[in-house]
Amino acid sequence: MVARKLVGIAGSFNRPSKTYALVQNVAELATNQYGFASSIYDLSDVGPSLGAAQWRKDLDDQAKRVIEDIVASDVLVIGSPTYKGSYPGLFKHLIDLIDPHELRAKPIIITATGGGDRHALMVEHQLRPLFGFFMAHTLPTAVYASDRDFTDYKISSEPLSKRIDEVVGELSAFFPGATALLAAAE
């Protein structure tokens, strides 16, 4: 049986990054629970050609591979840092280089990070409509994390961990037999 593929995208250049840490945490939990093969990228992995590309054909091979991986995935974990109430422009540009039909009906876990609670609705007012345009299936539970939810770029908040558990559990609607197969394999 071919493993299903999960791709995580952190819309940040920073390393280390709380956004990357959040995406990685969600992706690892989902991978362990459903047996996905997984890859996680940030904007540095996409590379320098992103900013100069008007079209996908203008990207270098590295950036094209990341987009191909996104498009070929069975599920996405999207994470964005919050800048002035929204996502970063280069993150949006990356998404703009994907044809809408390529994400149609794809389950997507949406996550975001920010300095405080002021930006908590970014997932609902920015990310959910963005992926709604693509007719993707954003899962009902969105995850927002603020600075206080991390210690040394690791999730240290019990309420955040519970919310992550909830959204990963929602993937079972798309992959109903996956947890049973994993239990049988152990």
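Modeller: Helices and strands here are DSSP runs, a helix having at least four residues and a strand at least two, and they are numbered from the N terminus. A105 lies in the loop between α5 and β4. The model we shall read is a predicted one.

Colleague: How many helices and strands are there in the protein?

Modeller: The protein has eight helices and eight strands. Its radius of gyration is 16 Å, close to the 16 Å that the globule rule gives for 186 residues, so the protein is as compact as a globular protein of that length. The C-alpha trace spans about 50 × 40 × 30 Å along its principal axes.

Colleague: What percentage of the residues of the protein count as buried?

Modeller: Of the 186 residues, 48% count as buried. The sequence separation of contacts can be read alongside this. Taking contacts between residues at least 6 apart in sequence, 77% join residues at least 24 apart.

Colleague: Which residues have the most contacts inside the largest nonpolar core?

Modeller: That core has 33 residues, and I9, I70, F91, L94, L127 and F131 have the most contacts inside it. Two or more residues come from each of β1 (5-10), α2 (43-46), α4 (61-72), β3 (75-81), α5, β4 and α6 (122-133). Helix α6 gives the most, with five residues. There is also a second, separate core of 25 residues, which includes A30, Y34, L160 and I164.

Colleague: Which residues of α5 are buried?

Modeller: In α5, F91, H93, L94 and I95 are buried. The cover over the buried residues of this helix includes β1, α2, α3 (49-52), α4, β3 and α6. F91 shows the contacts residue by residue: leaving out residues up to four places away in sequence, F91 touches I9, G11, L43, I78, G79, S80, L127, L130 and F131.

Colleague: How many aromatic pairs does the structure hold?

Modeller: The structure holds six aromatic pairs. One of them is formed by Y34 and F175, at 6.4 Å centre to centre with 55 degrees between the planes, and it is tilted. Y34 lies in helix α1 (residues 18-34) and F175 in the loop between α7 (158-170) and α8 (178-185), so this pair ties together parts that are 141 residues apart in sequence. Y34 and F175 are both buried. Ring pairs link Y34, F36 and F175 into a cluster.

Colleague: Where is F36 placed, and is F36 buried or exposed?

Modeller: F36 is in the loop between α1 and β2 (37-42). Its relative accessible area is 5%, and the cut-off for buried is under 20%, so F36 is buried. Not counting residues up to four places away in sequence, F36 touches R4, K5, L6, A30, T31, V75, L171 and F175.

Colleague: Why does E102 count as buried?

Modeller: E102 counts as buried because its relative accessibility is 16%. This residue is in the loop between α5 (89-96) and β4 (107-114). Its side chain makes a polar contact with the side chain of R56 at 2.7 Å. Neighbours within four places in sequence aside, E102 is in contact with R56 and V71.

Colleague: Which residue other than glycine has a phi near 50 degrees?

Modeller: That residue is D152, whose phi is positive. D152 is in the loop between β7 (150-151) and β8 (154-155), and it is exposed, with a relative accessible area of 70%. A105 is not a glycine either, yet its phi is positive at about 70 degrees. A105 is partly exposed, with a relative accessible area of 41%.

Colleague: Which peptide bond is cis, with omega near 0 degrees?

Modeller: The bond from R15 to P16 is cis. P16 is found in the loop between β1 and α1.

Definitions and conventions
Residues numbered from 1 in each chain as written. Predicted model: local features only at pLDDT ≥ 70, side-chain atom pairs only at ≥ 80, totals over all residues. Heavy atoms only, no water. Buried < 20%, exposed > 50% of the residue type's maximum accessible area, 1.4 Å probe, protein only. Polar contact = N/O pair within 3.5 Å; in protein donor to acceptor, adjacent residues only side chain to side chain. Contact = heavy atoms within 4.5 Å. Phe/Tyr/Trp six-rings, centres within 6.5 Å; stacked < 30°, edge-to-face > 60°. Core = buried A, V, L, I, M, F, W, Y, C linked by side-chain atoms within 4.5 Å. Rg over C-alpha atoms; globule rule 2.2 N^0.38 Å.
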